[in-house]
Amino acid sequence: MKYLILSLLLVTALSPPAHSQAFEAEAIISKPEDGGTFRAWIIAASKTQIRYKTTKVSMDFIDAKTSDFATIFLVEPPDYSAAIDLYEGRKYKEAQEAFAAVKERCKPMAAMPDNFHTLATFHEMECFRHLGDYEGLATVLKTFLKEPLSRESQLRQLDLYIMWDAVRVLAWDRVLIIASERDEEVLPGYQRAQVAYCKALALDNLKRGREAVIEYSISMTADSGSSEILAQQSGLKALGIYHKDPEVQVAIRNWGTDDENKNSPGYTRLTEAAAMSVFYEKFLSLGKPLPTELKDFTKYVAP
């Protein structure tokens, strides 16, 4: 009886649900004893078992333990590749929808390391982040299982989602604490840009504008402008802080007159704003030019 129950459990674990009977994932599998490889089509998987066919058209399948193999390399499916192309083309809404479809189709592989259900779900969350849809990100994150992920950068990004969720609920003191804890870490540019942007948002909303400008500046340049949405938003928000600064407005009124004071804090910040506006216009303005009141800063470049 015990053997029968175990056998039934194994069959249940490896049997895909009725709606996904046609599912299969191409893989390259290697054996530990001789290092030889063979091509397989996995039709179901658990954490410890796989069910696969040795030809695409075969009606027969083999059940095996994953520990029986040295490696199981999942071949990237075309729909996932297409979604990645949309993502890298910065078409984030279209990419999000494409990744959502891939994650649904690849559910039978969800337990395997670095499977395309999990990877598609991760990239769907990244699309929501780029789109500024933090509610969408939070919804997907609630049910996301990170165990199949192995890349350090992806696992760190999951940690950064805690910071983004604090932004979602406008918990600025919490955002500041979380972001500040990352100040001394060595991060890739796109993640440093996120940390600096969220810290700047927190400082900005806590009425610490001058400190926020420093963090917005870091966010603009940390990823060499590749995080284009954050870079643009950082530039616009930083210039907005300069524009609201009463001392900067005094320096604008006095520019080129006898009352101009090049040693005043307002004059210094005005020339900072001018340099930032020129940088924005030159490198970041694609698709989102400066509004007139901020573009006017380009008139005040220090001689």
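The model is predicted, so local features need pLDDT of at least 70 and side-chain atom pairs count only at pLDDT 80 or more, while totals for chains, interfaces and linings use all residues. Residues are numbered from 1 along each chain as its sequence is written, and side-chain values use heavy atoms, with hydrogens and water left out.

Now widen the view to the strands. Strands here are DSSP runs of E with at least two residues, numbered from the N terminus. Two of them pair if DSSP finds at least two bridges between them. Strand β2, residues 37–45, pairs with strand β3, residues 49–53, in the antiparallel sense over four bridges. Both belong to an open sheet of five strands, with antiparallel pairing and the order β4-β3-β2-β1-β5. At the edges stand β4 (62–65) and β5 (71–74); each has a single partner strand, so one side of each is left without a neighbour in the sheet. From one strand to the next, the twist averages 45 degrees (axes are lines fitted to C-alpha atoms, and angles run from 0 to 180 degrees between N-to-C directions).

What about the cysteines? A disulfide is a covalent bond between the sulfur atoms of two cysteines; the test is a pair of cysteine sulfur atoms within 2.5 Å. Searching the whole structure gives zero disulfides. For Cys-127, the nearest cysteine sulfur belongs to Cys-106, 16 Å away. The sulfur of Cys-198 has its closest cysteine sulfur in Cys-127, at 17 Å, which is too far for a bond.

Are Cys-127 and Cys-198 buried or exposed? Buried means under 20% relative accessible area, exposed over 50%, and partly exposed in between, with a 1.4 Å probe and protein chains only. Cys-127 counts as buried because its relative accessibility is 0%, and Cys-198 counts as buried at 0% too.
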